[in-house]
Amino acid sequence: MLIFAASDKGGTGRSVTSANLAYHRALAGDDVCYLDFDFGSPTAAAVFDVADARQDTEDRGLHAYLIGEVSEPARIDVWSETEHQVLRFPPPGSGRLVLMPGDVSGGEFATGDENLRRCVDLLMTLYYEFDLVVVDLSAGRSYAVDMVLEATAQPEMSEVTARWLVFHRWTRQHVGAAASLVFGRRGIVAGGVDRGHDEEALRNSIRFVRAAVPDPESPLWSQVSPTQSAWMRKTDDDLKQLASNLGIGYSQVLGSVPLEPVLQWREQLITDEDVLDSEIANQDTWTALSGLAKRLTDDESWEQA
Ligand SMILES: Nc1ncnc2c1ncn2[C@@H]1O[C@H](COP(=O)(O)OP(=O)(O)OP(=O)(O)O)[C@@H](O)[C@H]1O
Ligand SMILES: [Mg+2]
């Protein structure tokens with residue numbers, strides 16, 4: 001299955017959350033490939049802690065492949081290349097976890113026929129090689145988004161299962177922006193239909209993910225005054241109403257990831273060691289990520305609402 005990770009705004013938690021989802025699926029035994037299609041700002045290598053390996057692959061990454069400078073994009077085997085000690089010892093039964101990095105010197109580019117062909121070839125090859133392929137797309141209605149909309153509309157990709165996750169933070173602006181990225185006049189649905197996608201099928205393949213969501217009931221906020229607490233609850237309810245009015249309410253949400261102090265400070269994979277041994281990360285974060293990772297391929301979560 002292909003999973004496209006999109007967001008209207010930057011800094012939504014798209015990359016960090018989708019890298020953690022890839023990690024959870026690999027722990028569960030799937031062979032997973034993570035593609036950094038954030039051409040303007042490829043940062044996945046830092047999340048997987050493979051900065052050194054990424055330097056060795058500079059100018060051989062996805063950007064170089066798509067513009068035709070190399071015939072195959074570089075691959076980094078995360079388990080063996082990571083500098084994160086816990087990740088170096090995946091539990092028995094884990095699947096592969098492969099990162100295809102971007103090129104730091106890359107940048108955005110407009111898609112021509114050749115780039116498109118290479119993109120289709122790559123997605124098709126990886127679709128058959130891996131159980132799950134996660135593609136982190138540049139923010140907004142970017143070239144990367146257009147390219148994969150165009151690629152997945154090609155006849156040879158018609159049998160491929162592709163799903164979209166649209167990430168947003170839990171604020172007024174982010175909720176509005178996520179809705180307009182999908183349903184707006186120049187949004188993903190309209191752009192997909194223009195390229196030949198079936199509207200209903202495309203709509204049914206898109207779900208929203210709320211990232212870094214503060215829970216007014218959390219002990220994190222236990223010190224706030226009663227007035228502040230009441231305001232937070234009211235604002236949270238208003239946001240739920242806004243999301244629902246904009247068509248991105250509960251039935252369209254695949255999951256929410258709570259505000260996690262570790263991720264607030266550092267972009268990384270959250271391991272069970274962080275939760276159970278050092279206890280720096282919250283159990284709720286782990287539970288949310290693992291539930292979300294399962295629902296990616298759980299057809300019931302993708303039935304028409
Ligand atoms: N659940 C969370 N709780 C707290 N902080 C989070 C959470 N998820 C992500 N973050 C933090 O938010 C910041 C933005 O996340 P991330 O880089 O994943 O966003 P992005 O949408 O990929 O941004 P960009 O468009 O710049 O690529 C990072 O510092 C990350 O660690
Ligand atoms: Mg990112």
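A polar contact is a pair of N or O atoms within 3.5 Å; within protein, one atom must be able to donate a hydrogen and the other to accept it. The views below are drawn from a predicted model.

View 1. Arginine 25 belongs to helix α1. The side chain of arginine 25 comes to 2.7 Å from the backbone oxygen of alanine 293, a distance within the 3.5 Å limit for a polar contact. With a relative accessible area of 12%, arginine 25 is buried, because the limit for that class is under 20%. Beyond its neighbours within four places in sequence, arginine 25 is in contact with Asp30, Val32 and Leu132, and also with Ala293, Lys294, Leu296 and Thr297.

**View 2. Helix α1 along its length.** Glycine 29 follows α1 and has a positive phi, near 110 degrees.

**View 3. The shell of residues around ligand 1.**

View 4. A polar side-chain atom of arginine 169 is 2.5 Å from an oxygen atom of ligand 1. A polar backbone atom of valine 16 lies 2.8 Å from an oxygen atom of the ligand. On proline 258, a backbone N or O atom is 2.9 Å from a nitrogen atom of ligand 1. Taken alone, the ligand exposes 630 Å², and the protein buries 85% of that area.

**View 5. Helix α6 and the elements packed against its buried residues.** Helix α6, residues 113–129, has 17 residues. From its first C-alpha to its last it reaches 24 Å, close to the 24 Å expected at 1.5 Å a residue. Its buried residues are Asn115, Leu116, Arg118, Cys119, Val120, Leu122, Leu123, Met124, Leu126 and Tyr127. These buried residues pack against the strands β1 (2–7), β2 (32–37), β4 (97–100) and β5 (132–137), and against the helices α4 (62–66) and α7 (143–152).

View 6. Arginine 96 is located in the loop between α5 (78–81) and β4. Its relative accessible area of 33% makes it partly exposed. The C-alpha atoms of arginine 96 and aspartate 77 are 7.7 Å apart in space, and the two residues are 19 residues apart in sequence. Neighbours within four places in sequence aside, arginine 96 is in contact with Ala26, Asp30, Asp31, Val32, Arg75, Trp79, Glu129 and Phe130.

**View 7. Serine 142 in the loop between β5 and α7.** Serine 142 sits in the loop that lies between β5 and α7. The side chain of serine 142 reaches the backbone oxygen of serine 138 at 3.0 Å. Serine 142 is buried, with a relative accessible area of 8%.

Methods. Residues are numbered from 1 along each chain as its sequence is written. Chains are lettered from A and ligands numbered from 1 in the order in which they are written. This is a predicted model: local features need pLDDT of at least 70, side-chain atom pairs count only at pLDDT 80 or more; totals for chains, interfaces and linings use all residues. Side-chain values use heavy atoms; hydrogens and water are left out. Accessible areas come from the Shrake-Rupley method with a 1.4 Å probe; for residues, only the protein chains shown count as cover. Helices (H or I, at least four residues) and strands (E, at least two) are DSSP runs, numbered from the N terminus. Buried means under 20% relative accessible area, exposed over 50%, partly exposed in between (1.4 Å probe, protein chains only). Contact means heavy atoms within 4.5 Å. The expected span of a helix is 1.5 Å times one less than its number of residues.
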